[in-house]
Amino acid sequence: MSETLDFKVDGMSCGGCSSRLEKSLMDVPGIEGVKASHETGLVQVTLGDVAVPRSAIETVIEDTGFDVVRP
């Protein structure tokens, strides 16, 4: 069963940023899909059968050079 997580991300200013972040996240085992929009600053991550902690996804986002907006 898949699960979808949403993240608000600062620092994506162009399509290249979105693509780079999508590629970095798709390299994480257990992530089946990623949709990142530099226009809205939203990133949607679809998980597969392998549990991936939210904190691990946030770390990848930050290591790629972007900031996760936390409530």
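This is a predicted model: local features need pLDDT of at least 70, side-chain atom pairs count only at pLDDT 80 or more; totals for chains, interfaces and linings use all residues.
Visitor: Which strands pair with β3?

Guide: Strands (E, at least two residues) and helices (H or I, at least four) are DSSP runs, numbered from the N terminus; two strands pair if DSSP finds at least two bridges between them. Here β1 (residues 3-10) runs antiparallel to β3 and is joined to it by 6 bridges. Asp 6 has Gln 44 as its bridge partner in β3. Strand β2 (residues 31-37) also pairs with β3 in the antiparallel sense, over 6 bridges.

Visitor: How many residues lie between β2 and β3 in their hairpin?

Guide: There are 4 residues between them, and Gly 41 in the turn has a positive phi of about 75°. Ser 37 stands opposite Leu 42 in β3.

Visitor: Which residues have the most contacts inside the largest nonpolar core?

Guide: Such a core is a set of buried (under 20% relative accessible area, 1.4 Å probe, protein chains only) Ala, Val, Leu, Ile, Met, Phe, Trp, Tyr and Cys residues joined through side-chain atoms within 4.5 Å. In this model the largest has 20 residues, and those with the most contacts inside it are Leu 25, Ile 31, Val 43, Ile 57 and Ile 61. The elements giving two or more residues to this core are β1, α1 (15-26), β2, β3 and α2 (54-63).

How values were computed. Residues are numbered from 1 along each chain as its sequence is written. Side-chain values use heavy atoms; hydrogens and water are left out. Buried means under 20% relative accessible area, exposed over 50%, partly exposed in between (1.4 Å probe, protein chains only).
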